Amino acid sequence: MATKNRLMAAFSTLAIAAFLLAACAPGGVTVVETQIVERVVTQEVEVVVQAEAYTTPHPILSDIRVRKAIAFCSNRPEMIASVYTFVDDPNSLLMDTFIPSDHWAHAAGVEQYAFDPAQGAALLDEAGWTLAEGADVRQNAAGEALALHFTTTSAAFRQTWAAVFESNMADCGIQVVRLHAPASWWFGDTTGLSRRDFELGAFAWVGEADPGGETLYACDGIPLPSNGWSGQNYMGWCNEAASVAIRAANNTLDRDERIAQYAITQQEFAKDMPSLPLFNRVEVLATNKDLAGFAPAPGEPYATYNIHEWEIAGLDTIVLGYTQEPASLFTLVENAFVAVNAYITLGGYPVSSLNYDFQANMYVTQLPTLDNGGATLATVDVAEGTTVVDTSGAAVALASGVTVKDADGNDVAFSGGTVPMQQMTLNWELVPGITFSDGAPVTAADIDLATAINCSPDSGATDFTTCDRTASAVATDTSLVVTLVPGYTPPLYFTVGNGGCSGPCWYPAHRVLSDGRTLADVPASEWTTLPEIAESPIDTGAYMITEWVKGQSMTFEANPFFYLGAPKTPTIVIKFVADTNQAVAQLLTGQVDVLFGETLGAGAEVQTVRDAADAGEVAIYILPSATWEHIDFNLFTR
Amino acid sequence: MTAYLIRRAIQMVGVLVLSAIVSFLLLDLAPGSPTEGLRQQVNTSTRRITEEDIARILASYELDLYTPFRFTRWLVGFPTGPLQLFGKEYFADYAVGCSAAIEAEVVDSAGNFSVRTIGCARYVTLADMVGRRTSNGVMRGDFGLSWGLLRARPVADLVWSRLPWTLQLMGLSYAISLAIAIPLGVYQAVRQYSRFDYVFTFAAFAGSSMPTFFFGILMILFVSILAQRAGLPWLPPGDAVAVRDYFIPVLGTIEPGTAMDRVLHTIMPVSVLVLFNTAFYTRFVRSSMLEVLRQNYVRTARAKGLVERVVILKHALRNALIPFVTVVVYAIPGIFGGAIITESVFNWPGMGRLFIDALGRADYPVSMALIMIGAFLTVVATLLGDVLYTLVDPRIKYG
């Protein structure tokens, strides 16, 4: 009894302590208005900021000759060779603009910066940074050394090529002081890159089928204290012509016009050299040498887009190795690489992006474009209270003072009445015969359920960007009509489906759960924990999941009702192999048939696979990845 | 003895609570969380995460609660809402968290920026706790829901899915290690400075100093890859079971999930652990035996004319194993906790790999569960060791 009392006393003390500690937090304040304070004066920190930070030109990097000199002094093929010993031609990975060379938006003929240290040295001399006899580092007339801090992550990959960069710069008389910071600091929400806390900063952007770029290269994308550090133009690069062009490229739906505007931006980018594009990273995939139908392509992140066509002669099972195990098969809350691939296996993949373009891959007759009439733009009169997308891109209720783009493309501040705006409608036609793996055909109710769940704040989803910009999604058993809110005409409009999906999507509303309810009756808040959704969903793809052994593997069997007929291989197994050495060993011994870039990486193990491929034991695919390394020059100091 | 056990049990609870506080705070301070990077998606070309989205996501992970309340909810499942006394609610408006902080950008004279929270725009009160999902508390055996590895589903499911594999691997390796190490250590002690002793002393040092990952990779290379290429019988390089048939010379086609399949998959990871553990235990038994063999009662036993086997096994070994009991019981947390490196190298689906995965994906409920299981087993093993002392050595009494 005494022990019990003591335990109770201990718990009570703990609980009281919790209340007391919490009481130390600010409380009892009635907040009239939420405001984000940009700077405050505190007792312990002396605050001296008279002007906007990051508006003072950098004493070294603001000089374009220095930036160009750094570009000429950089031996990028040597950097590539240092990290990708298994790539035969390092020049094939070189980047000359912010768009990969095999992308539809890449501009030819931009200013080039081939390795030419003599030209770099001449530019530095011209800029006043001279190298005294016997000195290692250049100085200016004031005797200041040409020294720059170089910041990037501590990843071994970056340490390797950065060492080459440091050596290249030293050869040109530029002293580079390398700081390899933890990624958590460099990419932190309020540290490192996001606060432009660097002089030379290296990181990677992930290229996409749509180049985007508005927040990266437009003048108003420069993160500053005054705009709450909004934007990703960490260089502080503001070139009016480029800024206008990148905006135009992102606000027109005409492909030719987009190409022309991207060309302007790339030319200005190469001319001003605010950032030195280095190289595409490589994506290495390795497979069983007899795997047929496997066709990875640049621009398409998921090589499983055509998994129903894969086959290995003599085998009825193909084993895929992934580093991670999915946290859930409810892709609304889990978008890890393995989870998306697993879901493609059982749910299909309506829209692919092979070679940085978009294609109707499954389920739909075509992508709805303005050219083919699948998409239409209409002028509508919009009244107060209607949800619109304003000129900043935010979805808001139209009210006095809200600035929108009218039907003629002019910025208009709403002051009452109605305003004519453009509204886009997308007509998706489904191919006949789409059937769930339990034999039930897809119906309008299934599509409506996906719209409702994916757009519910209770579903656990993090992103409602498209949902908030969708006025309606009207489904029939064979079609889907998506109407976007006035003012929302995204460049990738032809991929916008219901519920934020890329293309049409659905859930089996008719599915009866273990507790007797049908899926349609389950509130969105329960979906993340529902085994029928998280672990054993049914869908209309080539396969259906039959087993998930936690920590080990997932097994998929052919969907007998797949609308394209039986997949070529009856069974797919997804195996979780975290360690790269182990994964390669399993590939070499035939325990795994396919390994992807996320597992293989680009380390020494790839050379092992390359050697095995050369010996005819496995097949290897080395593709330029959409991810590309670059060095940003911060044009301003704080 | 009873009073001693009760006192120790109370101390155990104290130690567990203390370790819970320390490890919870450490993970709370650790960088990385499920919400990292969200603020950078407020305005990108494809995503526009709103403040409401961020607040909702924080709430789903309970990250909008102040640390003490998150801790007590995790530890004992309290508070779950306003205090209820005699049908009335109290402290309903008491702030237990903040779902929208007012942050200040502080700039020092050197121009360094930092962010500080200077207030709260929207508090989370005890009334807001009603209806939120929460665990019953670790102290009641409920480890809550996973953040990352098994999103929004019970941590216990993950633990139970891995525990049998770890028990199999670790239990087997410890059993084999002890079966080898005790006779080996005894024999080395009895034959001190013999060629046998030198060879196995060297082997013990090599085994205990060679990293398990190195030995593991060597085994995979030679016993799996090169053996298969040479057309020799080979062992699967990893996993606990196969997912499809495979062929091994001499043995023929092995079907997944069969006893033979499991045995073949177990051989390499167990061998690595056995080598490491045996090396350690052998040295311990050897030195313990050497000390005992010099005691007077051993000399007396020999003087009495007892045969050497009886002297060694009955008089020396029993006493030499007394300190060994402590070493063995301390293996209990390891048997349940798994071997992090070996499980990773051989892709063994055990608790050790689970721990690494949980840390890597910032799944702190899972990490905390494993830490607490380890802490619990450690204090239990310590107590067990003390109790076993009294059984194997009658001179020891607790009062």
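In the predicted model, strand β8 of chain A is mostly covered, with five of its six residues buried. This strand comprises residues 317-322 and pairs with strand β21 (residues 571-576) of chain A in the parallel sense, over six bridges. Two of the residue pairings can be named. Thr317(A) has Thr571(A) as its bridge partner in β21(A), and Leu320(A) has Ile574(A) as its bridge partner in β21(A). β8(A) also pairs with strand β22 (residues 594-595) of chain A, again in the parallel sense, over two bridges. In β22(A), the residue opposite Leu320(A) is Val594(A). Strands of a sheet pair through backbone hydrogen bonds, and the pairing can be parallel or antiparallel.

β8(A) belongs to an open sheet of ten strands in chain A, arranged in the order β3-β2-β4-β23-β5-β22-β8-β21-β20-β19. In this order β8 stands between β22 and β21. The pairing within the sheet is mixed. At the edges are β3 (175-181) and β19 (543-549) of chain A, each of which pairs on one side only.

Chain A as a whole contains 16 helices and 24 strands. Its radius of gyration is 28 Å, close to the 26 Å given by the globule rule for 638 residues, so the chain is as compact as a globular protein of that length. The C-alpha trace of chain A spans about 85 × 80 × 70 Å along its principal axes. Of the 638 residues in chain A, 49% are buried. Among contacts in chain A with a separation of 6 or more, 67% are between residues 24 or more positions apart.

A buried position in chain A is also found in a loop. Ala218(A) lies in the loop between α7 (214-217) and α8 (240-250) of chain A. Ala218(A) counts as buried because it has 23 C-beta neighbours inside 10 Å, where 20 or more are required. Leaving aside neighbours within four places in sequence, the contacts of Ala218(A) are Asn233(A), Ser243(A), Ile246(A) and Arg247(A). The C-alpha atom of Ala218(A) is 6.7 Å from that of Cys238(A), although the two residues are 20 residues apart along the chain.

Chain B has 14 helices and six strands. Its radius of gyration of 28 Å is well over the 21 Å that the globule rule gives for 399 residues, so chain B is more spread out than a compact globule. The C-alpha atoms of chain B fill a box of roughly 85 × 65 × 50 Å along the principal axes. Buried residues account for 37% of the 399 residues of chain B. Of the contacts in chain B between residues at least 6 apart in sequence, 65% join residues at least 24 apart.

One helix of chain B, α7 (residues 212-229), has 18 residues. From its first C-alpha to its last, this helix reaches 24 Å, close to the 26 Å expected at 1.5 Å a residue. α7(B) has a kink of about 25°, centred on Leu221(B). The buried residues of α7(B) are Thr212(B), Phe215(B), Gly216(B), Met219(B), Ile220(B), Ser224(B) and Gln228(B). Their cover comes from both chains, and includes α14 (580-588) of chain A as well as α8 (259-293) and α12 (340-345) of chain B. Just after α7(B), Gly231(B) has a positive phi of about 75°.

Conventions. Residues are numbered from 1 along each chain as its sequence is written. Chains are lettered from A and ligands numbered from 1 in the order in which they are written. This is a predicted model: local features need pLDDT of at least 70, side-chain atom pairs count only at pLDDT 80 or more; totals for chains, interfaces and linings use all residues. Helices (H or I, at least four residues) and strands (E, at least two) are DSSP runs, numbered from the N terminus. The radius of gyration is taken over C-alpha atoms; the globule rule is 2.2 Å times the number of residues to the power 0.38. A residue is buried if 20 or more other C-beta atoms lie within 10 Å of its own, exposed if 12 or fewer, and partly exposed in between; C-beta atoms are placed from the backbone. Two residues are in contact if their C-beta atoms, placed from the backbone, lie within 7 Å. The expected span of a helix is 1.5 Å times one less than its number of residues. The bend at a residue is the angle between axes fitted to the seven residues ending there and the seven starting there. Two strands pair if DSSP finds at least two bridges between them.
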